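Good morning, colleagues. I would like to take a few minutes to go through this structure with you.

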Amino acid sequence: MTVDIDKTADPQGAPPAGPQAIKAIPVRHYGRYVSALIALAILAAILYAFSQGKINWQAVPDYFFDDRIMTGVGKTLLLTVLSMLIGIVGGIILAVMRLSKNPVTSAIAWFYIWFFRGTPVLVQLFVWFNLGLVFEYINLMPFYKDYWSNFMTPLLTALLGLGLNEAAYMAEICRAGLLSVDEGQTEAAHALGMSHGKTLRRIIIPQAMRVIVPPTGNEVINMLKTTSLVSAVQFSELFRYAQDIGQISGAPVEMYFLAAAWYLILTSVLSVGQYYIERYYARGSTRNLPPTPWQRVKGHLMSFSSRKVTA
Amino acid sequence: MTDKLPQQDTAARDTSVPMVKAEGVHKSFGQVEVLKGIDLEVKPGEVFCLIGPSGSGKSTFLRCINHLEKINAGRLYVDGELVGYRQQGDKLYELRDREVAMKRRNIGMVFQRFNLFPHMTAVENVMEAPVQVKGMNKAEAKERAMQLLERVGLADRAGHYPSQLSGGQQQRVAIARALAMDPKLMLFDEPTSALDPELVGDVLDVMRDLAESGMTMVVVTHEMGFAREVGDSLVFMDGGVVVESGNPREVLTNPQHERTKSFLSKVL
């Protein structure tokens with residue numbers, strides 16, 4: 001997109017070379033106006049199409065804080081937190097195994113990651129759920145013995161399915177983080193007489209966190225959404241409750257909107273948390289920490305008021 | 001930086017035991033032999049300079065001294081003790097990581113790329129090892145760290161992160177960090193090579209003060225002026241062997257070997 005610069009301007013009127021601020025006529029980006037118009041038109045068409053549908057919008061606020069929905073939100077959050085905990089702990093263990101000099105542990109970690117990343121999580125959930133068909137009992141010799149069907153509750157199925165799958169992804173994220181720290185850091189710590197463990201805890205991991213936190217935030221948000229799959233193995237969470245209400249109340253599509261709205265709210269809250277955690281681990285890596293959104297708002301207000309003073 | 005470091009008690013030290021002693025040290029990386037039999041001795045209280053072209057093995061040798069690299073053949077002693085191994089009869093036993101770490105406490109090292117811990121402030125960098133390795137309490141370590149930062153002229157930068165410091169300032173913090181462990185030997189791996197020419201002087205001043213305080217120093221450097229002025233001994237290495245050694249003023253002004261002459265003619 002090239003636009004001719006204004007060559008007709010009087011050369012006498014051009015600012016003389018010197019410390020005077022440049023006052024040039026900006027380039028007009030006509031292409032931007034056109035593309036903005038097209039985008040707006042498409043958006044309007046989609047909104048119009050939805051306004052023509054027979055959607056009972058009132059049903060969404062009516063059920064928004066329904067007891068069953070709130071229970072569902074709670075269970076979704078619980079499942080997200082617990083699965084991520086399993087995923088993170090498992091991921092750290094796998095990453096350390098994978099990076100260890102022991103070829104056996106390293107190979108086992110490789111195999112685990114290969115298997116759990118290479119199969120769909122929905123298939124894994126069904127496998128956990130239906131293992132009762134091939135194992136009648138669970139028998140942890142001296143500690144515990146029970147029928148498989150009693151042992152493998154929907155919650156445990158969901159946790160194992162989501163958590164073990166997540167561990168494979170977290171392992172790769174942690175490994176990338178540990179590898180991202182410059183080798184000179186390990187050498188400097190060792191040269192000071194620090195042990196391997198201390199070096200890892202005090203020097204490597206805090207720096208690796210900068211690389212680990214952003215993708216882990218994505219994983220948490222992804223996990224929150226993936227929990228909707230576990231309705232397939234009889235665990236009731238937000239999506240399942242919304243579906244149930246939809247069938248009873250005769251407003252199924254509206255209840256899907258409601259569920260979508262709740263997922264959006266939850267993921268938005270999580271993104272804000274992620275921003276602050278990232279900011280914490282950016283200490284020392286940037287000369288000045290980026291301002292928090294609140295500081296940014298305050299900054300803008302200050303600049304407005306100072307502009308008034310100078311004007 | 002202007003005030004002198006306190007004189008160390010060098011008289012009490014047994015000067016008959018060399019601080020570093022290398023006997024036929026060999027080191028290979030895979031097929032490449034980097035050190036082909038190094039023999040040398042660093043006396044206590046001495047400033048020992050290693051010069052040579054890049055790839056000559058001088059940095060590798062330095063890293064062998066605190067066992068960051070394992071040697072393949074020969075013997076290397078620090079303060080009379082074997083580096084990385086324990087000898088019983090005629091058998092050598094590899095030291096455990098913990099034992100290696102114990103020995104490294106007594107050897108300070110300063111790197112070309114500083115290698116400060118970027119997630120800690122200057123004073124936290126200096127405190128880290130005394131607190132974590134020696135178990136010193138934090139208040140005491142902080143006080144010590146502040147004294148050390150004062151010595152290297154950076155007391156006013158204590159709260160800054162490494163990314164907020166210039167290269168020369170970072171290197172001086174790195175020297176303070178190494179000194180915090182009260183080492184009896186300091187290793188410098190091209191400490192000024194990554195610095196702007198303007199900032200080299202500040203770092204060399206700190207090293208000069210350190211030398212005057214009686215610290216034993218092994219310095220890999222390209223600063224011939226520093227070697228001539230401060231050095232007590234100098235070794236010219238090339239191709240993994242010691243080509244020439246002696247008093248730095250003599251070697252630098254009147255080199256005997258052709259290789260030394262051609263190297264010095266390019267760098268001086």
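**The interface and the salt bridges**

In the contact, chain B takes part with 26 residues and chain A with 21 residues. Please bear in mind that this is a predicted model. Between chain B and chain A, about 2,200 Å² is buried, with carbon and sulfur atoms giving 55% of that area.

Turning to polar interactions, seven residue pairs are in polar contact between chain B and chain A, both residues being at pLDDT 80 or more. Two salt bridges are found across this interface. A:R202 and B:E128 form a salt bridge, with their closest N and O atoms 2.7 Å apart. On the side of chain B that touches chain A, at least two residues each come from helix 2 (97-104), strand 8 (107-110), helix 3 (122-132) and helix 5 (167-179).

Over all chains, the structure holds 21 salt bridges. Let me take some within chain B. B:K103 pairs with B:E81 at 3.2 Å, N to O. B:E46 is buried, because its relative accessibility is 7%, whereas B:K43 is partly exposed at 48%.

Finally, the surface of chain A. A nonpolar patch there includes A:Y30, A:V34 and A:W57, and the whole patch has about 860 Å² of accessible area. A:V34 lies in helix 1 (residues 30-52) of chain A and, at 46% relative accessibility, is partly exposed.

Conventions
Residues numbered from 1 in each chain as written. Chains lettered and ligands numbered in written order. Predicted model: local features only at pLDDT ≥ 70, side-chain atom pairs only at ≥ 80, totals over all residues. Heavy atoms only, no water. Patch = residues over 30% accessible without salt bridge, like charges linked within 9 Å, V, L, I, M, F, W, Y side chains within 5 Å. Areas by Shrake-Rupley, 256 points an atom, 1.4 Å probe, with all protein chains shown as cover. Salt bridge = Lys/Arg side-chain N within 4 Å of Asp/Glu carboxyl O. Helix = DSSP H or I, 4+ residues; strand = E, 2+ residues; numbered from the N terminus. Buried < 20%, exposed > 50% of the residue type's maximum accessible area, 1.4 Å probe, protein only. Contact = heavy atoms within 4.5 Å. Buried area = accessible area lost by both parts, 1.4 Å probe. Polar contact = N/O pair within 3.5 Å; in protein donor to acceptor, adjacent residues only side chain to side chain.
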